[in-house]
Amino acid sequence: MVELYPWQHTQWAQLANRTQHPHAYLFHGPQGIGKHVLAQRLGQLLLCSNPQQHQPCGQCKSCLLLSAGSHPDFYAVQPEEADKAIRVDQIRALVDFVGTTAQLGGRKLVLLDPAEAMNTQAANALLKSLEEPSGDTVLLLVTHQLSSLLPTIRSRCVKQACRVPSPSEAVRWLQAQLPEVSKEDLAQLLSLARGFPLQAFRLHEQGAVQWQNLMLEELDKLRQGQQWPSAVADAWQAIPLLLIFDWFYQWTLLLVRQQITRSPCQTPNPLLRDYLYELTAQTECTQVLAFQDWLLQQRHAVQNRANLNRTLLLEALLVQWSDLISAG
Ligand SMILES: [Zn+2]
């Protein structure tokens, strides 16, 4: 049985106590708060043939098959490769599954995560299943980009806003997972992950604190004319593009705030604090805001998995960043 996160118990109790379930749920909320686990647990409960006090029993044939990953009435859909789209043929196979009879005689269950990864064709193919649901099938969709789903998909599902942990719940959980990490590094990880603990844990596994420091070192060299944009782009090869855009966006927010308040920003990374504080006097607010618009547009393209040339995009980013500093 999947374990819930500590901040999910109240929401779980409400979900599990429902006497009736819709044919489609849409779990949504920011990345890194455990939406998948909540959906998975509901799936277990809905398939269990002998629930105990609104919990999956963990022992019936259905529960055992599910935990072995071989339940014939459970169907999971995800991109075949990380960060790639869910394709229309994957959804067609799902639609076929919905059309079959449950082999264990109970419900059938579909878990689709992340739903925003469906391309337009795939989303349209899924609509068919949402419009003409098969009586015994429950679809569980999970997304962290609710607004990028087709409105027709959103309106046909019962939406479940997943609870976001409080800052103290987030710290407590992360501390328990990473007892060897210092308090300062935990604070930095949570700040990088905008406070979402699972995302912070993932960033730790990827080495994100080191990545951000590497970025800052290279940017400093760029500013002092010791490095070319193309060489910086090379040095950042391992860092996910989306993360780079996220960070630059966060930095522009901090820069604008500093320009208004004229005091150093609150960030747990001392390297970042010093770097941004130095930049405050060298940049101009209106230009930072214009750059922010450009960042958002590009981030959107990255997120939509558009066919982008990574090196060219990073060079464009770095050239604009440099212009911002020299123009200020
Ligand atoms: Zn069971």
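Visitor: Is C63 buried or exposed?

Guide: This is a predicted model, in which local features need pLDDT of at least 70 and side-chain atom pairs count only at pLDDT 80 or more, while totals for chains, interfaces and linings use all residues. Residues are numbered from 1 along each chain as its sequence is written, and side-chain values use heavy atoms, with hydrogens and water left out. Buried means under 20% relative accessible area, exposed over 50%, and partly exposed in between, for a 1.4 Å probe and protein chains only. The relative accessible area of C63 is 8%, so C63 is buried.

Visitor: Which atoms coordinate the zinc ion?

Guide: Donors are N, O and S atoms within 2.8 Å of the metal (3.2 Å for Na, K and Ca); water is not among the atoms, so sites may look incomplete. Along the chain, the donors of the zinc ion follow the spacing C-x8-C-x2-C-x2-C. At 2.2 to 2.4 Å, the coordinating atoms are C48 (SG), C57 (SG), C60 (SG) and C63 (SG).

Visitor: What is the geometry of the site of the zinc ion?

Guide: Four donors count as tetrahedral if all angles lie between 85 and 135 degrees. The angles among the four donor atoms of the zinc ion are 105 to 117 degrees. The site is therefore tetrahedral.

Visitor: How many disulfides does a search of the whole structure find?

Guide: A disulfide is a pair of cysteine sulfur atoms within 2.5 Å. For C162, the closest cysteine sulfur is in C157, at 13 Å, which is too far for a bond. The number of disulfides found in the whole structure is zero.

Visitor: What is the strand order of the open sheet?

Guide: Strands (E, at least two residues) and helices (H or I, at least four) are DSSP runs, numbered from the N terminus, and two strands pair if DSSP finds at least two bridges between them. The sheet has five strands with parallel pairing, in the order β2-β3-β4-β1-β5.

Visitor: Which are the edge strands?

Guide: An edge strand of this sheet pairs on one side only. The edge strands are β2 (74-77) and β5 (158-161).

Visitor: Which residue of β3 is the bridge partner of V77?

Guide: Strand β2 runs parallel to β3 (residues 108-112), and four bridges join the two. In β3, the bridge partner of V77 is L112.

Visitor: How many of the residues of β4 are buried?

Guide: Strand β4 pairs in the parallel sense with β1 over five bridges and with β3 over five bridges. In a regular strand the side chains alternate between the two faces of the sheet. From β4, T137, L139, L141 and T143 point one way, V138, L140 and V142 point the other way, and all are buried. Strand β4 is thus largely enclosed by the rest of the structure, the buried count being seven of seven.

Visitor: At about what angle to β4 does helix α2 run?

Guide: Axes are lines fitted to C-alpha atoms, for helices over the stretch in contact (heavy atoms within 4.5 Å), and angles run from 0 to 180 degrees between N-to-C directions. Helix α2 (residues 35-47) lies across β1 (24-28), β2, β3 and β4 (137-143). Its angle to β4 is about 170 degrees.

Visitor: With which residues is G29 in contact, leaving aside its neighbours within four places in sequence?

Guide: G29 lies in the loop between β1 and α2, and at 15% relative accessibility G29 counts as buried. Beyond the neighbours within four places in sequence, the contacts of G29 are K35, T143 and H144.

Conventions
Four donors count as tetrahedral if all angles lie between 85 and 135 degrees; four count as square planar and six as octahedral if opposite donors are over 155 degrees apart and all others between 65 and 115; anything else is irregular.
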